[in-house]
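Reader: I have a model open and want to learn to read its contacts. Where do we begin?

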Protein chains: 2
Amino acid sequence: MADRKIRNMEEFASVSGISRPTLSRYFNDPASVRESTRKRIEKALEQHDYRPNVYAVNQNRRTTKNIGIVVPYLADPFFTEIGRAVEVECISAGYSPILLSSHGDPNLEKENLESLRSLKPAGVLLAPFGRSSDPGTIQKFSKEVPLVLFDANVAETGEAFIGTDNFQSVGLMVEYLCRSGEPPCFFEMKSASNPNANKRRQAYQESMANLGHPAHIFQAKGEGWNFEEIGSVEGGKMLEQNLFPTRTILCSNDRLAIGMLSAAYRLGIRVGHGQDCVLRIAGQDDHPFSRFTCPPLTTMAQDYAAIANSAATTLFRIIETGSQSFNRQETLFDGKLVMRDSA
Amino acid sequence: MADRKIRNMEEFASVSGISRPTLSRYFNDPASVRESTRKRIEKALEQHDYRPNVYAVNQNRRTTKNIGIVVPYLADPFFTEIGRAVEVECISAGYSPILLSSHGDPNLEKENLESLRSLKPAGVLLAPFGRSSDPGTIQKFSKEVPLVLFDANVAETGEAFIGTDNFQSVGLMVEYLCRSGEPPCFFEMKSASNPNANKRRQAYQESMANLGHPAHIFQAKGEGWNFEEIGSVEGGKMLEQNLFPTRTILCSNDRLAIGMLSAAYRLGIRVGHGQDCVLRIAGQDDHPFSRFTCPPLTTMAQDYAAIANSAATTLFRIIETGSQSFNRQETLFDGKLVMRDSA
DNA sequence: GCGTAAGTTTTACGCGCGTAAAAAATAAAT
DNA sequence: ATTTATTTTTTACGCGCGTAAAACTTACGC
């Protein structure tokens, strides 16, 4: 196949009979050369298996074809899923995605942005921590690199934000729970650093008020990202002490709900919407594991695909038009009710 | 803090009063310059916030400080965990890890190696698919880049392999299950592309033979990485049809076990090791979710940390000594029995 | 067949840094 | 203080490619 190792574009130019600048243009954008020369190049490419040196290519370019994707915690399947969806979008648009996780540490988020900066990315898709993110760092970063936020919003930061409409999502769930039984209590973490958590609490309160029910909010203490653990331990205590005034609990997210389900099982409390059940538990997010909990979790599904697609295409548009859009856009997608057995 | 933007090492040399070649040496290895000059450089660094251009740096170097980490499926929390552990090891050793997922697609594994190759990595840590991996591609790659395999072995490929001792792990579980009740049946996927799956089946057979029990193997049909789904649907069918000759089932991995637990719950089969339980289910891997299943899953914990550490340090040694070791090493770590409620 | 637009080649420079060699400066040892 | 070993500076070149400008070639319409 390969006669000998091609060392650089110069050599490939001589063996292919095409001038180096033309080759350079081809590799930047195959459509920028004439049909006939493109064929010639591609034929030569098959025979010689040459690829431009990534580092040399990116050295002089102001901006590369790299797109950074930063998520707060990749071990959370939610972020794995949405991170992957975004990754795929980037690849199919001809960009090179670089997926980074901050492993639950806001400082790592800073470091990730820092190291991304030196990669001169064309743009960055960031799912920030939210309140525990350093807004200064992100805003400064945003002035140098096109930045689109997703999942969690940070006010006035980045060119756009794409996420789920928590008010719609929680509102719909509250309405469903009320119609199908009784008004829910709300279970969340006390130290919720995520802006979605705050929105969800507010949404719960509003929805309950609209329906004429009193709101009951229960906050579990606990730090970090072990939501299941917190849901299980703290939620379990609340169940044991019989603190909840109604027999229906809406958890701020699925991972807390998963924890609480395990606590309920441990305590012998039968969860579900059937006659023989004494407790209903619902979540938010449609976590990949939610369909395998016992019982399977009733929850609100975020539209992963739409969020990923919208975030990516928004970023691409900004990159390609080069326009810092004047008005920062916020796009919210509706969640869908997924009725399973837990509520 | 920063007077003005430093554009390159030349400028930083002039503002810091250190010559550029010395700076270059410092950035390659801070220990290679005299103590006093190091201090001077670091002081200047604090004031001016300059960082060498990654692309220019890597252009001429034969080998970079990059280390590729490739896992087959990042959405599987097992790989997220171990991938992260490896990542941390790399960072603390002064390398730049690049974590790539093949998203369950063996072709993507090839592509990942391909794109890694153009990044001229110092070395690569690969958790291969196993049988569905393309051994030719990997072996060819291994000739160009130091390669250490982990989790799943591919014969004669790479400089070393680090993983879990499936025979010890399964053997111990089988013995526990026999001692604490009755001999287990074995539940796995029919089309198990993972070499660990094969080892585990063999280990089950051997262990059962050693203990004088007949082996009972049940294979679920199904493709892909939706192990929970397969465990739930196919395992559920087997439970319904009452196919298992004993009331104890050892699943080839936790994800299958999680699926089967959900099926058991759906079918009203009480799982656990208590008197009131009619079925015991055990797994392998200590999946992060296993402690929150209903009931919590008895399983064998892999020593993530040890595997990650061993794989990384092995690779570092190969990189730093530059020695293609003559004898390919295979290191296996023992699993630990985690007794929870399911068996 | 000619004119024009579009694409290609030639030529040449620059990017930011690695690195080699020789000269100079510094530190350590005698 | 002198020699010696170590480190730094000076000088200079090269890496592989982007890219600009001018000359050239090709394609296409009339």
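Author: With what counts as a contact. Two residues are in contact if their C-beta atoms, placed from the backbone, lie within 7 Å. Keep in mind that this is a predicted model.

Reader: How many residues of chain B are in contact with chain A?

Author: 27 residues of chain B are in contact with 27 residues of chain A. On the chain B side, helix 4, helix 5 (77–92), helix 10 (227–240) and helix 11 (254–266) each give two or more residues. That side divides into 14 nonpolar, 9 polar and 4 charged residues.

Reader: Now the DNA. Which residues come nearest to DNA strand D?

Author: Here, near means a C-beta atom within 6 Å. Of 24 residues around DNA strand D, the nearest are N8(A), M9(A), S24(A), R34(B) and T37(B). Helix 2 (20–28) and helix 4 (54–60) of both chain A and chain B each supply at least two residues. By class, this surface has 9 nonpolar, 12 polar and 3 charged residues.

Reader: And which are closest to DNA strand C?

Author: R34(A), T37(A), N8(B), M9(B) and S24(B), out of 24 residues that surround DNA strand C.

Reader: What is the strand order of the sheet in chain A?

Author: The order is 7-6-8-9, in an open sheet of 4 strands with parallel pairing. Strand 7 (217–220) and strand 9 (280–282) are the edges, each pairing on one side only. The twist averages 25° from one strand to the next.

Reader: Which strands of chain A does helix 10 touch?

Author: Helix 10 of chain A packs on strand 6, strand 7 and strand 8. Helix 11 of chain A lies across strand 6, strand 8 and strand 9.

Technical notes
Residues numbered from 1 in each chain as written. Chains lettered and ligands numbered in written order. Predicted model: local features only at pLDDT ≥ 70, side-chain atom pairs only at ≥ 80, totals over all residues. Nonpolar A, V, L, I, M, F, W, Y, C, P; charged D, E, K, R; others polar. Pairing = 2+ DSSP bridges. Axes fitted to C-alpha atoms, helices over the stretch in contact; angles between N-to-C directions.
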